[in-house]
Amino acid sequence: MLQIKEISKSFDGGKSYALRDVSFGMEKGDVGAIVGESGSGKTTLIRLIAGLERPDAGEIYFQGSLVSSIHKLVPPEKRKIGLVFQEYALFPHLRLIDNVTYGISRMKNKKARAREVLELVDLHGVEDRYPHQLSGGQQQRVALARALAPNPELLILDEPFSNLDAVLRAQLRNQVFEIIKKTGVTAIFVTHDTQDALTVADEILILKDGSLIQQDRAFKLYTQPKSMYVASLFGNTIMLDKALQSAFECPLNPQCCHAIRNENLTINTDCEYVTHAKVLKSTFLGNSTQLDLQLENGHRVSVITHERHIEDHIKIGFNSKDVMEFSS
Ligand SMILES: Nc1ncnc2c1ncn2[C@@H]1O[C@H](COP(=O)(O)OP(=O)(O)OP(=O)(O)O)[C@@H](O)[C@H]1O
């Protein structure tokens, strides 16, 4: 339903590019996450999709029709796109019901529709309140209701949870994506938080310096990242350099780089590759313990374990299926 073809955007006449040659597609009903560090081009990409910017090169197709190119720009209000931003953007002087009906003023039964979407986001019965009478999480749900009211084909959420504390954030994230799945609307959300992306997205896109460096389903991205950069973005990794390969007696392809995730380095197990280690430090983390270890060759690594009783000298190991291989 959404096709992005070799989109580029520069803000300085081509000296540098906020986005360069980005291509991807999304199917109807998919939830996609755009992940990347600050300045990687996330906002630029969604502004291009929403029609708030014109690309310097490339094309965007929405439901089969060309909506953006260097020569054509279908305006945002004609794209059937709903937007939800980090800062809620509710009108403070309007009641919730009026905040929601604002964007559907020409719709028949707009009050009924507003009540319906407020109920969908679990805010039934508070229609007459003003935004300041709600918590941050509730305000974000109103913003979601307002974006859903006109029945958009695509919903874009830009860092929708970053104003909230960790517990509320996880709660609201799950709630919001349950609602999105229930409505079946295609959604793209921008996040710095890779956990958010892994938890709710069908498809994850990784931007780095304006380029799309990987697009995959969450599980594949986590287990088969294409680069060390992507691997470490999604969790702690241990680089299997030559010294570690020799400690574990596991020679790997010298043309490639290799790594394993911390959680796949386990203690006291019957793994394929094993070595001995001395425990230098043990840090209790609540549901687990972090062990800082020194291997026989002097190399240091950390392991997270759920074991409670740990000797001073232990065996650690991993299996070949957990080795991630990258060309660079
Ligand atoms: N209107 C603009 N004028 C000039 N440069 C811009 C403009 N918008 C974005 N840029 C530049 O384009 C690059 C990508 O910015 P963008 O805001 O898309 O990144 P981002 O990944 O969304 O970052 P953040 O997570 O910090 O919001 C940056 O170098 C930024 O400075």
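## Close-up views of a predicted model

**View 1. The six-stranded sheet.** Six strands build an open sheet with mixed pairing, and their order across the sheet is E6-E7-E8-E3-E9-E10; here strands (E, at least two residues) and helices (H or I, at least four) are DSSP runs numbered from the N terminus, and two strands pair if DSSP finds at least two bridges between them. Strand E6 (81-84) and strand E10 (211-217) are the edge strands, each pairing on one side only. On average, neighbouring strands of this sheet are turned by 20° against each other, direction ignored, where axes are lines fitted to C-alpha atoms and angles run from 0 to 180 degrees between N-to-C directions. Strand E9 (residues 203-208) pairs with E10 in the antiparallel sense over six bridges, and Lys 208 stands opposite Ser 211 in E10.

This is a predicted model, in which local features need pLDDT of at least 70, side-chain atom pairs count only at pLDDT 80 or more, and totals for chains, interfaces and linings use all residues. Residues are numbered from 1 along each chain as its sequence is written. The protein chain averages a pLDDT of 90, and 99% of the residues score at least 70; pLDDT is the predictor's confidence in each residue, from 0 to 100.

**View 2. The four-stranded sheet.** Four strands form an open, antiparallel sheet in the order E2-E1-E4-E5. Strand E2 (19-26) and strand E5 (65-68) each have a single partner strand, so one side of each is left without a neighbour in the sheet. Strand E4 (residues 57-62) runs antiparallel to E5 and is joined to E5 by three bridges, with Phe 62 opposite Ser 65 in E5.

**View 3. The surroundings of the ligand.** The shell around the ligand consists of Phe 11, Ala 18, Gly 36, Ser 38, Gly 39, Ser 40, Gly 41, Lys 42, Thr 43 and Thr 44, where a residue is near a molecule if its C-beta atom, placed from the backbone, lies within 6 Å of it. Helix H1 (residues 42-50) gives the most to this shell, with three residues. By class, the shell has two nonpolar, seven polar and one charged residues; Ala, Val, Leu, Ile, Met, Phe, Trp, Tyr, Cys and Pro count as nonpolar, Asp, Glu, Lys and Arg as charged, and the others, Gly among them, as polar.

**View 4. The two domains.** The protein chain is divided into domain 1 (2-230) and domain 2 (237-326), with bounds that come from an automatic or database domain assignment. The C-alpha centres of domain 1 and domain 2 lie 39 Å apart.
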